[in-house]
Amino acid sequence: MTTDDRHPQSSSSDGLYQDDDDEDKKLHNSNTSDWFTERSVLWPGQAQSLQVEQVLFHQKSQFQDILVFQSKTYGKVLVLDGVIQVTERDEFAYQEMIVHLPMFSHHGPEQVLVIGGGDGGVVREVLKHKSVRQVVLCEIDSMVVQVCKTYLPQLSASLDDPRVKIEYLDGAEYLRNHPNTFDVIITDSSDPVGPADVLFQRPFYQSLHAALKPDGICACQAESMWLHMDLIRSLMQTCRSIFASVAYAYTMIPSYPGGQIGFAICSKSVRDSLTKPLREPNAVTTQSLKYYCPEIHEAAFVLPLFAKRELEKEDYSG
Ligand code: SPD
């Protein structure tokens, strides 16, 4: 599959994702006047651009196109298959929320699985919980890990922690072989096009349920309420048919389309409310945080009316 099969709208005359190699080479040789433009079938009719100061890495792995560039105002940027995954400026808004929403909703997580997340940012946040004995990072693409070790050490340094075990495997396959194993599972996926597509399907959520211990909780990247309401409604319906308690939360992140992205938070046991944390960060942990706090934990589940109504159409309850 080519990049253009996955992102048929990703070519442009001024962006990094070009249809022909000559244009791509031109970018590599250029300096401050170039822009990276993110376009996708998943957000038709809109695009976001970041100004590129220097391309640091651009290569195709066995699974996807990997790009790292130094941007003018967002620090270093990691892009997979034409879609921004991490910018140094705002990555904490995503990593802290996808991790601490489920982790502080668990009384004492010891065994944690991260699916995807080869940049290491999610693992960095998981390790802030002193109860954690082991984090398994299941990332299909070893090149993502290697590239991030070179260019994004403030995220990837976490992967050298002795509590971290890296498995270069397909996440769905790994889950099937580890029933009843994890307290918390975090699916840090890219969007449902290409290799991450299966991570948004019912069989994957059934495998998540099976891999959790009886009081386990999972958090999965669940797209933007501004752009993917139909997908979110269907995903939440699937989750509710599998898990005992389910809720949708979101974070604000300017470098993602729509400036916002959400998470499906699912508990295997019945919970009165997933929206209230069971534990709170201590003073030392709070010093290391830039987004998450107990107040924002609860606020993240309060949806704007348009989204709340859409999810209530399917008898949504948090
Ligand atoms: N639309 C982009 C969604 C990207 C989600 N994954 C981010 C990975 C950060 N660890």
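In this predicted model, the ligand sits in the largest pocket. A pocket here is an open set of points on a 1 Å grid over the protein atoms alone, where a 1.4 Å probe fits, with protein on both sides within 12 Å along at least five of seven lines; a molecule sits in one if more than half of its atoms lie within 2 Å of its grid points. Local features need pLDDT of at least 70 and side-chain atom pairs count only at pLDDT 80 or more, while totals for chains, interfaces and linings use all residues of the predicted model. Residues are numbered from 1 along each chain as its sequence is written, and side-chain values use heavy atoms, with hydrogens and water left out.

The shell around the ligand holds 13 residues, of which D119, D188, S189, D191 and Y256 come nearest (a heavy atom within 4 Å counts as near). By class, six of the shell residues are nonpolar, four polar and three charged. Strand 5 gives the most to this shell, namely four residues.

A ligand nitrogen lies 2.7 Å from a side-chain N or O atom of D119, and for D191 the corresponding distance is 2.8 Å. In the side chain of Q85, an N or O atom is 3.2 Å from a nitrogen of the ligand. The protein covers 98% of the 340 Å² of accessible area that the ligand has on its own (Shrake-Rupley method, 1.4 Å probe).

Note on methods
Polar contact = N/O pair within 3.5 Å; in protein donor to acceptor, adjacent residues only side chain to side chain. 1 Å grid on protein atoms, 1.4 Å probe; cavity = no way out; pocket = protein on both sides within 12 Å on 5 of 7 lines; lining within 4 Å. Helix = DSSP H or I, 4+ residues; strand = E, 2+ residues; numbered from the N terminus. Nonpolar A, V, L, I, M, F, W, Y, C, P; charged D, E, K, R; others polar.
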